[in-house]
Protein chains: 2
Amino acid sequence: MNIAIAQSGGPTCAINASLVGVFRQGLLTEKIDAIFGSVNGIEGMIGDELINLKSILRTNEDLELLRQTPSTMLGSCRYKLPDAETDPTVYEKILHTLQTHRIDIMIYIGGNDSMDTVVKLSSYLKKNGSDIRVIGVPKTIDNDLPITDHTPGFGSAAKYVAVTVQEIIRDSSVYSIPSVTIIEIMGRHSGWLTASSCLLRVNDEEAPHLIYLPEADFSAERFIEDVRREMAKHKAVVVAVSEGVSVDAEGLEAFQSGATDVFGHKYLSGIGKYLERLVVDKIGCKVRSVELNVMQRCSTHICSKTDLDEAEEIGQAGLRAALDGHTGMMMYFRRVSNAPYAVTIEMTDAGNVANMEKKFPSEWITPDGNQVTDAAIPYFIPLIQGEVDICMKNGLPVHFQRPLQMH
Amino acid sequence: MNIAIAQSGGPTCAINASLVGVFRQGLLTEKIDAIFGSVNGIEGMIGDELINLKSILRTNEDLELLRQTPSTMLGSCRYKLPDAETDPTVYEKILHTLQTHRIDIMIYIGGNDSMDTVVKLSSYLKKNGSDIRVIGVPKTIDNDLPITDHTPGFGSAAKYVAVTVQEIIRDSSVYSIPSVTIIEIMGRHSGWLTASSCLLRVNDEEAPHLIYLPEADFSAERFIEDVRREMAKHKAVVVAVSEGVSVDAEGLEAFQSGATDVFGHKYLSGIGKYLERLVVDKIGCKVRSVELNVMQRCSTHICSKTDLDEAEEIGQAGLRAALDGHTGMMMYFRRVSNAPYAVTIEMTDAGNVANMEKKFPSEWITPDGNQVTDAAIPYFIPLIQGEVDICMKNGLPVHFQRPLQMH
């Protein structure tokens, strides 16, 4: 029996840990022979671009290094499968690849778009009488998948955000003149990652003084009022804002690239610079915007050990579910308790997750829509716990380097 | 005998370590009684805003936490002392503060602008028959001070840059389509910090494929040619560019705030976004710009142990020099050897450093002006070595919190 693993969507710190989980479970399972990696997600299955993972991941040291290497070792894609009824060609190509290499199980590690692939491909295979199984393993720093308590990758991103915002708070408060620092945080149309900056309260930080999420209405006028009010109380005001906050303003577009990916998602960054200009124009004080940018999803040097451990476990569980005969399912975390923290790994129909977004709960947003309530803190705390003992060489983390044929 | 310490200029990861060095040396020196901290650099001396550091830094744990807290605990300033001949009022105020608190020694931790303060104040005091001594302790992430081999704060910034650029390299290379990632790095008009990204070669990274420094001529046309050439060789091209690279283009100003500080330094950021637009317009491929922003100077969670240790030692040495009767001097590092790494701490007239910039050596820039030569690597390597065992609580670094009266 052979298996294939693919990684898809935006990179995270934990997506390679899930790959390691599937791989290790594969090694432990006697009836599994070859373990293939599909290059660039589903594109590798369509184009028959597979690599023999056992020839690349030779030692336990390789696996440990890969676990602590950010991004997707196998490459990624943003390819959206067409409808199988109207355009079966792509599916026939995938089936051909699967059959050529006698693959019985495919594990797809990805976000909500990737679960769309799991749904479509598993249903095509079933309809065509194949018993090849497809199982989805979640990942995304956005934490916006329904059903699951949280997504692998989110804990590390939240830890990066909290650690970095705390350092920016120190940096922002040195001068005697009043200032505003605006920190733009990822998360697409959900506010989970930005909201996680409320974690700093457990270390007695007052900032961020204002937190704006896509789930609350935003008005430029109220923003300026909020900032003025906070400036009366604090010399250095720190604002956390989600990239996905929608401002009804032409001005914003000047700060955005306007580009979209194949799923039609617009690249969202730009609101930090927009609000910076707004503060300059309306208040005229010292202001700086900081975009945490891709560092939020690739700073494995400060990743959450809980996140990496869970990412590996949910990968293992995905392969076990497929071995048990399941297909078209996505693995997920169910939280049993906050303190002591405990989760179980379950599975759900990938159709319950595909193309959907889980919003940050409105009951955890203050009525003014400019802060997160303390009630959210116990949710976030366990996800950022623990540090990974990163392997260093020459003062730098050592990454697992992709084999040359993949460059 | 009483002493005062002040911190000035832009924050770094190591400026509090130098404060700890002076403080610890003060504790060790029997004849020293009170150790004052001046709030917001020289401003605190002018306005008689001093705090008794012994009442704030009570335990060794306080000192260890402060050592690993970024930014300047005492606050900072960008205040430029006027000429003492034409405007003696400010000097009289400082002298009054010094005399009121019977301060015999003042240690000023700062960059090239701060050394201007050391020169002016020490010469005013000498001229007026005072034997109060003023000693400068260097700091800046820009590494642009003459005389000294390197500046405290630079090693940690260089380590942050190298670690982060390596992670961005992983992040940037996941998709199958060609892409360009432009990383904008601080350093003002010198290229030291951007150049330090060449360190990744010791870990077998090929990227950054192009490195642009202020010390080399820059042309938008040649930049596009360079990018095209690298794109023919690499799927994911990574470019490191100094904020201070001067482009002769009106377009850049749209991406800059245009603001200046009191020393007349223009805020430089914006070239990353400018080059991003240029690549979109001229090449039309996927492109992203990433500004490392203030994280370069405050990410103590990944600081260089060598840097923090040296910052503390040079602070100690500064106080010892003052106790020996020196004034108007700046402490500096002289490198004895690269491997094994060894430096000595010396002193020089602060006038040799004030208001001057040390450029990145032209012999370490390739003739095309778009890369750093391997000859630079042995200079950088020792500066980023070692990790500090950061004190963590609730999954987050613990910072030394400034006393409430300073907020």
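Predicted model: local features only at pLDDT ≥ 70, side-chain atom pairs only at ≥ 80, totals over all residues.
# Reading sheets and a two-fold pair

Me: In which sense do strand β1 (residues 2-7) of chain B and β2(B) pair, and over how many bridges?

Reply: Two strands pair if DSSP finds at least two bridges between them, with strands (E, at least two residues) and helices (H or I, at least four) taken as DSSP runs numbered from the N terminus. Here β1(B) and β2(B) pair in the parallel sense over 3 bridges, and B:Ile5 stands opposite B:Gly37 in β2(B). Residues are numbered from 1 along each chain as its sequence is written, and chains are lettered from A and ligands numbered from 1 in the order in which they are written.

Me: Which strand does β2(B) join in the antiparallel sense, and are the faces of β2(B) covered or open?

Reply: β2(B) is joined by 3 bridges to strand β3 (residues 50-52) of chain B, and these two run antiparallel; B:Gly37 stands opposite B:Ile51 in β3(B). A residue is buried if 20 or more other C-beta atoms, placed from the backbone, lie within 10 Å of its own, exposed if 12 or fewer, and partly exposed in between. Both faces of β2(B) (residues 35-38) are covered, with B:Ile35 and B:Gly37 buried on one side and B:Phe36 and B:Ser38 buried on the other.

Me: What is the strand order of the 7-stranded sheet in chain A, and which strands stand at its edges?

Reply: The order of this open sheet is β3-β2-β1-β4-β5-β10-β11 in chain A, with mixed pairing. Because β3 (50-52) and β11 (342-349) of chain A each have a single partner strand, they stand at the edges, and one side of each is left without a neighbour in the sheet. Strand β1 (residues 2-7) of chain A pairs with strand β4 (residues 103-110) of chain A in the parallel sense over 6 bridges, and A:Asn2 stands opposite A:Ile103 in β4(A). Helix α6 (residues 112-127) of chain A packs on the sheet, touching β4, β5 (133-138) and β10 (329-337) of chain A, and its direction makes about 170 degrees with that of β5(A); such angles run from 0 to 180 degrees between N-to-C directions, along lines fitted to C-alpha atoms, for helices over the stretch in contact.

Me: How are chain A and chain B related, and how many residues are in contact?

Reply: Two copies of a chain are related by a rotation about an axis and a shift along it. Chain A can be laid on chain B with an RMSD of 0.0 Å by a turn of 180 degrees and a shift of 0.0 Å along the axis (superposed by least squares on C-alpha atoms of residues with pLDDT of at least 70 in both), which is the relation of a two-fold axis. In chain A, the C-alpha nearest the axis belongs to A:Glu291, 3.7 Å from it. Contact requires C-beta atoms, placed from the backbone, within 7 Å; 53 residues of chain A are in contact with 53 residues of chain B, and α7(A) gives the most to this side of chain A, with 9 residues.

Technical notes:
Contact = placed C-beta atoms within 7 Å.
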